[in-house]
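Reader: Hi! Could you walk me through this one?

Author: Happy to. Let's bring it up and start with the core.

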Amino acid sequence: MNRVFAAQLAGLPVFGPDGESIGKVRDLVIGLRVDRQPPRVLGLVLELATRRRIFVPMLRVNSIEPNAVTLATGSVNLRQFHQRANEVLVVGELLDARVTLASGAAAVLVDAAMEPSRTRDWRMTRVAVRERTGRLARRGPVQVLHWEDLTGLSVTELAGQPQGAQHLVAIFETMRAADVALALHSLPFKRRYEVAEALDDERLADVIEEMAEEDQKDLLAYLDDERAADILEAMDPDDAADLLSELPEGEKDRLLELMEPEESEPVRRLLEYSFDTAGGLMTPEPVVLAPDATVAEALAHVRNPDLTPALASMVFVCRAPTATPTGRYLGCVHIQRLLREPPSDLVAGVLDTDLATLAPTASLGDVTRYFAAYNLVCGPVVDESDHLLGAITVDDVLDHLLPANWRETGLSHA
């Protein structure tokens, strides 16, 4: 391909010279010049299967096709990518930048294209812009211009101007929340905040759940208190409790007061337990049914797309009221058992009453041994009065066993 647009390149799979899968393209790195000449494309930011982001120089790129990128023969440096001064991420920092055309008209940059030069260098020679002429400007035609036909793309101008995030958010829509969280970690703080403002509450909550602790606290501190409370309400209660437990008491109490009572109540209950106990690890919202529910009803509940695979692997049965922590625990039903039973049968007839339960005070070590002993991905937490308090999933256990910076460094360092 002689001309490659950044938005089309982002997300393409990357293969080695022998066809082995390397990862996916997440961004392009360019080195901005002092003059207005087209900048050189330094390389690609690739995301490996381990979620580590690495830098691959353009000289290591053998071919760029519409559906894949192939690298040339040679080793790939697996060191974590770190952006240097005067380097700019095209997808992360250029898209949605406000620029000025040669005519003096204001415009928004919606894409940028690179082309190979005679010296085998790639240059960012073209930009796709949409003129800002009024409220409906975003619906206007897109123009593809030469890089030197506009101003506003120096490092200082990009750092100083307010910038939208419409096109970057559109790219993020195709990515998992964990991958978006890693992408935001790689961006300058200014750009990270702009993206956070553009995301809706549900999506931002999903992304924050996947962030490293310091990034979570930084982003929550940036948001105004009202929106921060809305984000906490949209998060899973156990993740919200983990985040709030790291905040100063005054800030934590203020945000809890701003949350709706029905949303803050399960979070407050989780905050009563230490983070490294079963009570601190559990979610208070597993799938809970009464004993007279049918197998068909149970299967309908676990089909909920909002449930994680681990949480959907087990249905818990309690006497009414079924809402935690008031229902008396009777037993559980594994999803494999539900799939083997007639839909009209009652869940009471297929209960596993022999599976041991976890006390809320059980230590992280006890919880880990419990999952290993019973080969589970989900388990019940029950108090001394046989009330179901919640459930622990294996991903919550792993999150506390891995190093604190595992989200940033990738699984290869775990």
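Reader: Thanks! How many residues are in the largest nonpolar core, and which have the most contacts inside it?

Author: In this predicted model, the largest nonpolar core holds 129 residues. Leu-9, Met-114 and Ile-392 have the most contacts inside that core.

Reader: What does Met-114 touch?

Author: Leaving out residues up to four places away in sequence, Met-114 touches Leu-9, Leu-28, Val-41, Met-58, Ile-64 and Trp-122, among others. Its contacts also include Asn-2, Arg-3 and Arg-123.

Reader: Switching to sheets: what is the strand order in the open sheet of three strands?

Author: The order is S14-S15-S16, and the pairing is mixed. Strands S14 (288-289) and S16 (329-334) are the edges, each pairing on one side only.

Reader: And how many bridges join S15 to S16?

Author: Five, with S15 (residues 314-318) running antiparallel to S16. Cys-318, for instance, has Tyr-329 in S16 as its bridge partner.

Reader: Since you mention a cysteine, how many disulfides are there?

Author: The count is zero. Take Cys-332: the nearest cysteine sulfur belongs to Cys-378 and lies 8.7 Å away.

Reader: Is Cys-332 buried or exposed? And Cys-378, buried or exposed?

Author: Cys-332 counts as buried because its relative accessibility is 0%. Cys-378 is buried too, with a relative accessible area of 1%.

Technical notes: Residues numbered from 1 in each chain as written. Predicted model: local features only at pLDDT ≥ 70, side-chain atom pairs only at ≥ 80, totals over all residues. Heavy atoms only, no water. Pairing = 2+ DSSP bridges. Helix = DSSP H or I, 4+ residues; strand = E, 2+ residues; numbered from the N terminus. Core = buried A, V, L, I, M, F, W, Y, C linked by side-chain atoms within 4.5 Å. Buried < 20%, exposed > 50% of the residue type's maximum accessible area, 1.4 Å probe, protein only. Contact = heavy atoms within 4.5 Å. Disulfide = S-S within 2.5 Å.
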